[in-house]
Amino acid sequence: MRAALASALAVALSVPLLLHAAAPRVTAAPLNQVWIDLATFSGMGMPGMGAAGGNPMQMLGRMLGGGRAGNRFGNTQSGTAGQWMDVTVFTRRNPALDSATHAIPAALKLGESLRLQAPRVRAVAERDTDAVVEADYERPRGKLLLYWGCGEQVRAAQPRVLDMATADPRDVAAFFVVRRATQRGAHSAAGRPQWPNPADERLLPEGASIVGAHAFSGKGIVESLRFSIPREHDLLPPIALKQAQRNGATLLSWQAMPQARAFFLGAMGARTDSGGAAEMVLWTSSERPETGFGLVDYQPNRAIDGWLKDKVLLGPATRECAIPKGVFGDGAMLRMIAYGNELNLAHPPRPVDAKTAWQPEWTAKLRIKSVHTALLGMTSAPNAQDLLREGLLGGEE
């Protein structure tokens with residue numbers, strides 16, 4: 001199973017993304033910018049670890065004498081179980097800004113303010129753009145099968161099959177339908193103070209909330225950089241995903257999540273064909289062919305709404321989905337994402353008339369997601385012994 005899941009992950013990281021959604025046009029770049037990313041991860045962490053999470057790999061490292069349990073910038077992308085927040089601020093009036101203060105609401109339970117510090121290592125800041133984040137990928141190898149849609153039975157005309165040994169570029173393009181509109185969020189760069197940082201590695205306390213008044217100050221930061229975050233843009237809760245078997249199908253269900261804008265599920269794994277050859281298998285909850293490689297990440301509201309209309313994503317009222325019987329054989333890794341409502345603020349606000357000149361003093365972007373990761377067929381979160389038994393930490397297959 002270890003080899004199968006490793007191969008599936010390699011495939012996921014080797015696919016070219018079809019990118020959409022251009023950045024909005026502005027008359028002039030904002031003088032100040034704030035990015036806040038919120039993430040909740042669940043499923044593959046150790047039970048009972050609270051806000052500190054407990055990623056099995058991280059836990060094993062600690063048992064062997066490595067690593068501290070402190071917070072790190074970038075944990076909103078790490079997948080480590082828990083709730084995380086990354087914050088970055090930038091001002092064009094002081095591109096070498098070393099530190100800043102972020103006044104926070106009492107509901108965050110971290111005092112009156114956070115001290116943001118710029119990283120010491122990186123010498124070049126990223127370009128100031130909200131263009132969709134691109135990446136380079138190598139072409140995958142082998143035979144791949146794609147299933148899609150919720151239901152207990154495999155639908156007609158499925159799976160879609162791609163044999164990389166004989167496929168031409170048109171075949172690859174037709175198979176790898178990948179939707180993605182992820183823009184830049186909180187990021188690490190010189191001259192851009194961030195939190196958390198080496199001077200403040202505190203974890204978000206249990207029950208922490210970002211709802212309330214926020215303000216930023218520092219050399220070059222405008223005094224008007226203050227705003228309030230409403231409740232509908234708070235941290236999302238962990239996804240309580242349940243699995244059950246019925247007539248060979250896997251029934252998935254989860255709790256109501258009023259703040260969620262949409263849901264998406266995807267699984268990848270392996271099985272053996274009638275001739276004994278291994279096949280890589282993908283399944284997603286989309287009603288249209290979709291590999292899902294670009295969707296388990298932050299996505300802007302407009303893209304989410306479009307994909308809801310196209311039935312690529314599940315609506316916010318959805319509470320269950322089934323993986324059809326016979327899709328997977330030798331195991332699979334399952335991921336689910338709940339998208340929060342992205343918040344974009346600006347001062348002064350964008351003029352209604354697009355022809356009107358606009359020089360915003362500041363903009364702020366808040367992104368929110370909750371992601372659950374699990375082994376298909378495992379009804380509870382695994383511990384280190386489970387993963388060693390499955391060969392995922394280097395044990396016997």
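Let's begin with a term: a salt bridge is a side-chain nitrogen of Lys or Arg within 4 Å of a carboxyl oxygen of Asp or Glu. The background is simple: side chains of opposite charge can pair when their charged atoms come close. Keep in mind, too, that you are looking at a predicted model.

**Stop 1: the whole chain**

Start with the cartoon view. The chain holds five helices and 19 strands. Of its 397 residues, 49% are buried. Now think about contacts with a separation of 6 or more: 77% of them are between residues 24 or more positions apart.

**Stop 2: salt bridges**

How many salt bridges are there? The count comes to twelve. Let's visit a few.

Select Glu152 and Arg246. Their closest N and O atoms are 2.3 Å apart, which makes a salt bridge. Glu152 is in the loop between strand E6 (143-148) and strand E7 (160-163), while Arg246 belongs to strand E12 (residues 242-246), so this pair ties together parts 94 residues apart in sequence.

Next, pick Arg72 and Glu201, another salt bridge, with the closest N and O atoms at 3.1 Å. Both sit in loops: Arg72 between helix H2 (56-63) and strand E3 (82-91), Glu201 between strand E9 (194-195) and strand E10 (212-217), so parts 129 residues apart in sequence are tied together here. Arg72 is partly exposed, with a relative accessible area of 31%, and Glu201 is partly exposed with 22%.

Then go to Arg261 and Asp305, whose side chains meet in a salt bridge at 2.9 Å, N to O. Arg261 lies in the loop between strand E13 (249-253) and strand E14 (262-272), and Asp305 lies in helix H4 (residues 301-309), 44 residues apart. Arg261 is partly exposed at 21% relative accessible area, and Asp305 is partly exposed at 34%.

To finish this stop, select Arg180, Asp297 and Lys369 together. Salt bridges with shared partners join these three into one network. Hold on to Lys369, because its charged end also sits over the ring of Tyr298, 4.3 Å from the ring's centre.

**Stop 3: a charge over a ring**

For another view of this kind, select Arg192 and Phe90. Arg192 lies over the face of Phe90, at 4.1 Å from the ring centre.

**Stop 4: the nonpolar cores**

Time to go inside. In soluble globular proteins, nonpolar side chains tend to be buried together. The largest nonpolar core in this model has 52 residues. Which of them have the most contacts inside it? Select Met85, Phe216, Leu225, Trp254 and Trp283.

Stay with Leu225 for a moment and show what surrounds it. Beyond its neighbours within four places in sequence, Leu225 is in contact with Asn32, Val34, Val89, His214, Ala215, Phe216 and Trp362. Apart from the 52-residue core lies another one, of 17 residues. Among its members are Ala303, Ile337, Tyr339 and Val371.

**Stop 5: aromatic pairs**

The structure holds five aromatic pairs. Select Phe227 and Trp362: their ring centres are 5.7 Å apart and the planes meet at 40°, so the pair is tilted. Phe227 lies in strand E11 (residues 226-229) and Trp362 in strand E19 (residues 362-375), so the two tie together parts 135 residues apart in sequence. Are they buried or exposed? Phe227 is buried, at 10% relative accessible area, and Trp362 is buried too, at 4%.

Then select Phe175, Phe176 and Phe293, which ring pairs link into a cluster.

**Stop 6: His214**

Last, click on His214, one of the contacts of Leu225. His214 is in strand E10 and is buried, with a relative accessible area of 3%. What does its side chain reach? A polar contact of 2.9 Å joins the side chains of His214 and His102, and the backbone oxygen of Ile210 is reached by the His214 side chain at 2.7 Å. Leaving aside neighbours within four places in sequence, the contacts of His214 include His102, Ala103, Ile104, Pro105 and Phe227. Phe227 brings you back to the tilted pair with Trp362.

Definitions and conventions:
Residues numbered from 1 in each chain as written. Predicted model: local features only at pLDDT ≥ 70, side-chain atom pairs only at ≥ 80, totals over all residues. Heavy atoms only, no water. Helix = DSSP H or I, 4+ residues; strand = E, 2+ residues; numbered from the N terminus. Buried < 20%, exposed > 50% of the residue type's maximum accessible area, 1.4 Å probe, protein only. Core = buried A, V, L, I, M, F, W, Y, C linked by side-chain atoms within 4.5 Å. Contact = heavy atoms within 4.5 Å. Phe/Tyr/Trp six-rings, centres within 6.5 Å; stacked < 30°, edge-to-face > 60°. Lys NZ or Arg CZ within 6 Å of the ring centre and 35° of its normal. Polar contact = N/O pair within 3.5 Å; in protein donor to acceptor, adjacent residues only side chain to side chain.
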